[in-house]
Amino acid sequence: MSGFFSLSDRVLSASNKALQKLAGRFAEIDRISEQNTEKVLAAFQKHRVADTMFAGTSGYGYSDTGRDTLDLIYADVFGAEAALVRIGFVNGTHALTAALFGAMAGGGTLLSATGLPYDTLCSVIGLQGGHPGSLAEWGVSYKQVELLPDGAPDLERIFDAASDQGVKAVLVQRSRGYSLRPALSCAAIKSIAEYVHAANPGAAVIVDNCYGEFVETLEPTQAGADLIAGSLIKNPGGGLAPTGGYLAGSRELVAAAAARLTAPGIGGECGSSLGQNRLLYQGLFLAPHTVSQALKTAVFCAGIMEELGFETYPASGEPRSDIIQAVKLGDAESLRRFCRGIQMGAPVDSFVTPEPWDMPGYDCPVVMAAGAFIQGASIELSADGPMREPFAAYLQGGLTFESGKLGVMLAAEHLINRQ
Ligand SMILES: *Cc1c(COP(=O)(O)O)cnc(C)c1O
């Protein structure tokens with residue numbers, strides 16, 4: 001390193017050891033990125049992407065060929081019948097909400113197969129009460145099957161719960177979220193889908209795919225899921241998409257979700273792209289590579305923190321199906337220092353000190369480090385953690401491995417060298 005940042009010998013040596021140990025992992029990440037890049041490029045060519053598709057529409061957004069072609073490209077990339085990619089989705093929660101409301105039209109039971117869903121989805125389902133417009137208010141009942149103690153899905157219980165023919169949809173969360181459980185691989189999602197479909201052929205398997213896109217060479221829609229949804233300011237936006245969300249899956253479920261996003265009878269045919277198409281295309285083109293950079297940053301973070309004596313989830317050598325790296329820091333001050341260090345490595349707002357605050361929807365203060373070009377984009381290097389036992393930091397993103405690695409080293413430095 002050239003000395004623009006001061007790093008101690010202890011951190012530099014832990015970094016070198018980690019890099020040596022992880023060469024094989026990095027080569028594997030490169031292979032996945034190459035395969036996914038081919039998949040994306042082939043879809044661009046098949047659909048004859050042309051410069052004219054980047055021109056925006058305004059108003060109703062009729063005949064937005066750029067927008068409509070991008071839907072077809074997403075469908076191909078995810079191995080699905082149809083897709084809906086829109087800047088009109090305000091975030092991933094919104095895309096998942098459209099997916100759930102579409103699938104649950106007419107009532108019935110929603111079953112979560114992976115324990116309690118992501119915090120924001122609890123409000124959507126109506127688990128936290130008091131939220132007008134939740135699924136509960138629309139007459140949808142809810143039940144959940146816990147994960148097994150090792151974090152694997154409980155296939156027998158899922159089969160039993162899904163056998164109730166009142167179950168119309170089964171929600172599966174791929175990523176770990178704010179927990180130390182492992183992310184579900186597409187192979188594990190395939191088993192869940194097989195059990196659900198065997199128990200209840202009418203039930204749709206809907207996967208919260210946030211943070212999972214392009215981590216493996218398959219996606220859940222190629223492993224039996226009927227519908228997936230996610231955020232464009234995470235993996236599939238490649239760091240360029242300024243906002244938005246996507247859905248991919250069966251024609252019927254995508255159409256039902258589109259009717260929720262806009263209006264019945266209008267669906268995906270309206271929604272102007274306001275000149276953002278190029279960023280969504282270019283972001284998708286970059287996404288397999290950007291995800292590989294985030295994955296290397298995560299694996300490196302695990303490696304260096306292990307060298308420094310911390311517990312990591314997953315460990316540096318373990319398989320991955322999302323870009324999140326959890327590190328158990330053990331006490332409040334360590335969590336704050338780690339996040340402060342990540343912030344010090346950011347290209348934007350590097351000078352600010354993240355402080356824990358009471359975020360809506362969380363039961364304790366949460367500290368967040370993010371110095372991103374796009375507000376809240378967690379495909380950019382970021383770290384956060386709830387201020388409670390086991391005081392774990394959840395790190396994700398890194399647009400380039402070079403900058404991600406530096407951010408992680410600064411976090412390690414700030415953590416272990418306390419002045
Ligand atoms: C990010 C995320 C969501 C959606 O969150 P938004 O902030 O609304 O985009 C849902 N589930 C998981 C697991 C996530 O990581």
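Where is F214 placed?

Author: Happy to, and keep in mind that this is a predicted model. F214 belongs to the loop between β5 (204-208) and β6 (227-231). What can be said about its backbone is that phi is near 70 degrees, a positive value in a residue other than glycine.

Now for the rest of the surroundings. Besides D208, the residues around the ligand include C210, Y211, S231 and K234. You'll also find N91, G92, T93, L96, Y118 and Q173 there. Sorted by class, this shell has four nonpolar residues, five polar ones and two charged ones. Helix α4 (residues 92-103) supplies the largest share of the shell, with three residues.

Two more contacts are worth a look while you're here. G92 uses its backbone: an N or O atom there lies 2.8 Å from an oxygen atom of the ligand. N91 uses its side chain instead, where an N or O atom is 3.4 Å from a ligand oxygen. As for the space that the ligand takes up, it is the largest pocket.

Next, let's step away from the ligand to the aromatic rings. Searching the whole structure turns up 13 aromatic pairs. One of them is F44 with Y281, an edge-to-face pair with 5.8 Å from centre to centre and 90 degrees between the planes. F44 lies in helix α2 (residues 23-46) and Y281 in helix α9 (residues 277-307), so this pair ties together parts that are 237 residues apart in sequence.

Y313 and P314 are joined by one, with omega at about -5 degrees. You can find P314 in the loop between β8 (311-313) and β9 (325-328). Another cis peptide bond joins E389 to P390, and there omega is about 0 degrees. P390 is in a loop as well, between β11 (382-386) and β12 (392-396).

Methods:
Residues are numbered from 1 along each chain as its sequence is written. This is a predicted model: local features need pLDDT of at least 70, side-chain atom pairs count only at pLDDT 80 or more; totals for chains, interfaces and linings use all residues. Side-chain values use heavy atoms; hydrogens and water are left out. A residue is near a molecule or strand if one of its heavy atoms lies within 4 Å of it. A polar contact is a pair of N or O atoms within 3.5 Å; within protein, one must be able to donate a hydrogen and the other to accept it, and residues adjacent in sequence count only if both atoms are side-chain atoms. On a 1 Å grid over the protein atoms alone, a cavity is a set of points where a 1.4 Å probe fits but cannot get out, and a pocket is an open set with protein on both sides within 12 Å along at least five of seven lines; lining residues have an atom within 4 Å of a point. A molecule sits in a cavity or pocket if more than half of its atoms lie within 2 Å of its grid points. Helices (H or I, at least four residues) and strands (E, at least two) are DSSP runs, numbered from the N terminus. Ala, Val, Leu, Ile, Met, Phe, Trp, Tyr, Cys and Pro count as nonpolar, Asp, Glu, Lys and Arg as charged, and the others, Gly among them, as polar. Rings of Phe, Tyr and Trp (its six-membered ring) pair if their centres lie within 6.5 Å; planes under 30 degrees apart count as stacked, over 60 as edge-to-face and the rest as tilted.
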